[in-house]
Amino acid sequence: MKKLFATRSLALASAALLVAGLAGAAAAWAHRHGDDEHERHERRDRRAAVAPLPAYEQECGGSCHIAYPAGMLPAESWKRLMAGLDQHYGSDASIDAATQASIAAWLDANASRRARTAPPEDRITRGAWFERKHDEVRAAVWKRKAVGSPANCAACHPRAEQGDFEEDDVKIPK
């Protein structure tokens, strides 16, 4: 009888461990592959954690492009861009020295730490991440009057100015 009780106890304990193990594995899988909506909110929360610098938004977000999130380029790219504002992609984007220093420090502090290399010409649109995310966009789309170029994020991303580039929100103009 003791042997039967011990065997049943062992079987129940094994079953309990198996169920716990399966539940843990399911939770780990769900966390890794998880709830898309939860992941979207986490990404938005991380972006929101970087307080925008008003001087940057004022000086760099305007007629030519939005004030791109600092995390879209590595620090070395931002340093080169800020050092060459007098020849900023064919335009003179010079600003006073104090504002330039303030913006440069903010960009450096909030630059991408994940980018392995700077994109060609320090262009966000030439970076590996950008190209991977936009590989399905045909060249003709970039030439549409309502889009103009890959640098016009707000054409397709309605919340681009808030740093939100969620794929689910994309609306490509005709």
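The side chain of Y89 comes to 2.8 Å from the backbone oxygen of E121. The model is predicted. Y89 sits in the loop between α4 and α5, and is also one of the residues nearest the centre of the second largest pocket. Y68 is likewise listed among those nearest the pocket centre, and it is among the residues that touch the most other members of the largest nonpolar core.

**Y89 and its surroundings**

- Y89 counts as partly exposed because its relative accessibility is 35%, which falls between the 20% limit for buried and the 50% limit for exposed.
- Leaving aside residues up to four places away in sequence, Y89 touches L81, E121, D122 and R123.
- Y89 and E121 are 32 residues apart along the chain, and their C-alpha atoms are separated by 9.2 Å.

**Second largest pocket**

- The space in this pocket is about 660 Å³.
- Its lining has 26 residues, with C64, H65, Y68, H88 and Y89 nearest the centre.
- By type, the lining residues are 14 nonpolar, eight polar and four charged.

**Largest nonpolar core**

- This core holds 29 residues, and Y56, Y68, W78, I103 and L107 touch the most other members.
- Elements giving two or more residues to the core are α4 (75-83), α5 (97-110) and α7 (139-143).
- The largest share, four residues, is from α4.
- Y68 touches Y56, W78, I124, A151 and C153, with residues up to four places away in sequence not counted.

Key: Residues are numbered from 1 along each chain as its sequence is written. This is a predicted model: local features need pLDDT of at least 70, side-chain atom pairs count only at pLDDT 80 or more; totals for chains, interfaces and linings use all residues. Side-chain values use heavy atoms; hydrogens and water are left out. A nonpolar core is a set of buried Ala, Val, Leu, Ile, Met, Phe, Trp, Tyr and Cys residues joined through side-chain atoms within 4.5 Å. Buried means under 20% relative accessible area, exposed over 50%, partly exposed in between (1.4 Å probe, protein chains only). Contact means heavy atoms within 4.5 Å. A polar contact is a pair of N or O atoms within 3.5 Å; within protein, one must be able to donate a hydrogen and the other to accept it, and residues adjacent in sequence count only if both atoms are side-chain atoms. On a 1 Å grid over the protein atoms alone, a cavity is a set of points where a 1.4 Å probe fits but cannot get out, and a pocket is an open set with protein on both sides within 12 Å along at least five of seven lines; lining residues have an atom within 4 Å of a point. Grid points are joined across faces, edges and corners, and a volume is the space filled by probe spheres set on the points. Ala, Val, Leu, Ile, Met, Phe, Trp, Tyr, Cys and Pro count as nonpolar, Asp, Glu, Lys and Arg as charged, and the others, Gly among them, as polar.
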